[in-house]
Amino acid sequence: ECFLLQLLFGLKRLRSGKIIGIAHTLYEDFLSRFEKTLPFALTQSQNKVIQEIKQDMASGKQMHRLLQGDVGSGTTIVAVYACLIAFSSGSQAAFMVPTELLAQQHFGVISHQLSAISFAGRALKPALLTSSLRKKEKEKIYAEVKKGTIDILIGTHAIIQENLLFKKLGLAVIDEQHKFGVHQRVSLLAKGTNPDCLIMTATPIPRT
C-alpha cells in the first residue's frame, strides 16, 4: 500500500515537472537595489531559499514550492522578493491569506517596504482586497487588476471570486496553506496560465 501511494505521488511529481510555466527574467540590479533598501541583512537561510526560488521562476517550468518557517523567521520578505521578480518581469502577483487581519498586516508591511520601489520608471502598486470592502471599492480593484495597473494583490478568499480577472498572473503566494482547501488553492492558480506557486506555513499539517 505504501509503495502504491508513493508511486502515485511520484507520477504526479513527474507530470507537474513537465508543466510549462512562465520564464521570469531576473533583473539582478533591480533586486540588489531592493535588498539595499531593507533595514536588515538577509539571513543565510533566506538567501538560500531566494536563490532556489530564482532558479525555479527563471526555469520556464511552473514552480510549486513549500516554504516552511517559524513565525518571525522572515518568510514574508522571501515572498515579497518573489513578487518583485514577477513584477519586474511584467507579471502580477496574488498574495492570499486566511484572515482579514493578516491581510491588513501583510498589506501594511508590503506597502511600507515597497513604497519607493519602481522598475523601468513604473512604480509598484499593491492593493488590498477583502470581503468587507464596499461594492464600489471592490469594483475599482477588479477593474485595475484586469487592466494590469495593480501589481500585487493581497487579500483573503475574496481573491478567488469568479468575477476577479487578472491581466497576467505570474505568481500566487498562499500563506498558512493548511487553512485553505485544495480547491481554493487550485482556484487561485486558475486565475492565470500556469503561474508559479509559493505556499508558506509555520505549521506544516498534512491534509488527508
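Reader: Where does the cut-off for a buried residue sit, and how many buried residues does H1 have?
Author: Buried means under 20% relative accessible area. This is a predicted model, and in it H1, with its 15 residues, is hardly covered. The count of buried residues in H1 is zero.

Reader: What span should helix H1 have, and how far apart are its end C-alpha atoms?
Author: Helix H1 takes in residues 2-16, and each residue counts for 1.5 Å.

Reader: OK, on to the rings. How many aromatic pairs are there?
Author: Rings pair if their centres lie within 6.5 Å. By that rule, the aromatic pairs come to four.

Reader: Is the pair of Phe30 and Phe87 stacked, edge-to-face or tilted?
Author: Their ring centres are 6.3 Å apart, with the planes at 55°. Stacked needs planes under 30 degrees apart and edge-to-face needs over 60. An angle of 55° therefore makes the pair tilted.

Reader: And what about Phe30 with Phe119: stacked, edge-to-face or tilted?
Author: Here the centres are 5.1 Å apart and the planes sit at 70°. Since that angle is over 60 degrees, the pair is edge-to-face.

Reader: How many residues apart in sequence are Phe30 and Phe87?
Author: Phe30 belongs to helix H2 (residues 28-37), while Phe87 belongs to helix H4 (residues 75-88). So the pair ties together parts of the chain whose separation in sequence is 57 residues.

Reader: Is Phe30 buried or exposed, and what is its relative accessible area?
Author: Phe30 falls below the 20% cut-off, so Phe30 is buried, with a relative accessible area of 3%.

Notes:
Residues are numbered from 1 along each chain as its sequence is written. This is a predicted model: local features need pLDDT of at least 70, side-chain atom pairs count only at pLDDT 80 or more; totals for chains, interfaces and linings use all residues. Side-chain values use heavy atoms; hydrogens and water are left out. Rings of Phe, Tyr and Trp (its six-membered ring) pair if their centres lie within 6.5 Å; planes under 30 degrees apart count as stacked, over 60 as edge-to-face and the rest as tilted. Helices (H or I, at least four residues) and strands (E, at least two) are DSSP runs, numbered from the N terminus. Buried means under 20% relative accessible area, exposed over 50%, partly exposed in between (1.4 Å probe, protein chains only). The expected span of a helix is 1.5 Å times one less than its number of residues.
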